[in-house]
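Subject: Structure for you to look at

Hello,

Here is the structure I promised. Please open it and keep it beside you while you read my notes below.

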Amino acid sequence: MKVLSIIFVLALLVPIFLYTNQFGFGLWDDHAKWAEMGSFFGGILGPIVTVISIGFIYIQLKAHQKQQQYTLDTLKLQKIESDISFFSAVVKSELSRKISTMDNKTLNSILSNHAAVFCSVHTHCQGSEDPDLIVKEFGRRSFDFLICYESLFSSWRAINAQLHSLKALDEALSMENYKSQLARVFTTLDSYICSHLDTISMTLDNGFNPHFRPSFEDSRAEVQESMGKRT
């Protein structure tokens, strides 16, 4: 805006300077000279003022659009953070529930044991021809959890989706909200249970993209690379 203002002033002053330098300026008695000067300034300065005015309007519109987009992004960010906080509270509440049919163990303890067993078996069977068979087998057992504790897993999937949205928003705006929300979920639910919930969710859905642990493909590649180095 400052540059445009300078250009605007120069665009007005340069024609005036050139005219006065060439023809002079005075309070003439001859009406024709006044008409010639008015014709010159009207023909030169009129289009210049019009173009620069359009430039000012364009800049103001862009600034308004930028401010409006910032407001929308801020509202979107607040909505995402609010949803993550809400669903994290739901997950935490569900995990603390005691299951009477499982010797009054908490759901947290039951799911952690299930995920830990899966990770142990999956890690030690990376050399099999079809390691995905293990995922499928545990997926059937995980499906029982999904049926019994649908509120827990639907809330966890909602957290996962909101984190993906937040990550995309951060990349677009060059912000760091994604990392802070990851840490917030970590501290609210505990890092181990976050990893376990991601593990169980991946056994249920091949398209599930985790935030709190590597995907099965990445962990498998890491183990196989480690085994290759040893041989």
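First, a term: buried means under 20% relative accessible area, exposed means over 50%, and partly exposed lies in between (1.4 Å probe, protein chains only). Cys-194 is buried, with a relative accessible area of 0%. Cys-148 is exposed, at 56%.

Now the ground rules. This is a predicted model: local features need pLDDT of at least 70, side-chain atom pairs count only at pLDDT 80 or more, and totals for chains, interfaces and linings use all residues. Residues are numbered from 1 along each chain as its sequence is written, and side-chain values use heavy atoms, with hydrogens and water left out.

The protein has eight helices and two strands. Both kinds are DSSP runs, numbered from the N terminus: helices are H or I with at least four residues, strands E with at least two. From the N terminus, the order is α-α-β-β-α-α-α-α-α-α.

Buried residues make up 32% of the 231 residues. The largest nonpolar core has 31 residues. Such a core is a set of buried Ala, Val, Leu, Ile, Met, Phe, Trp, Tyr and Cys residues joined through side-chain atoms within 4.5 Å. H5 gives the largest share of this core, seven residues. Phe-153 and Trp-156 are among those with the most contacts inside the core.

Which residues does Phe-153 touch, not counting residues up to four places away in sequence? They include Leu-111, Phe-145, Leu-197 and Leu-204. Contact means heavy atoms within 4.5 Å.

Best wishes
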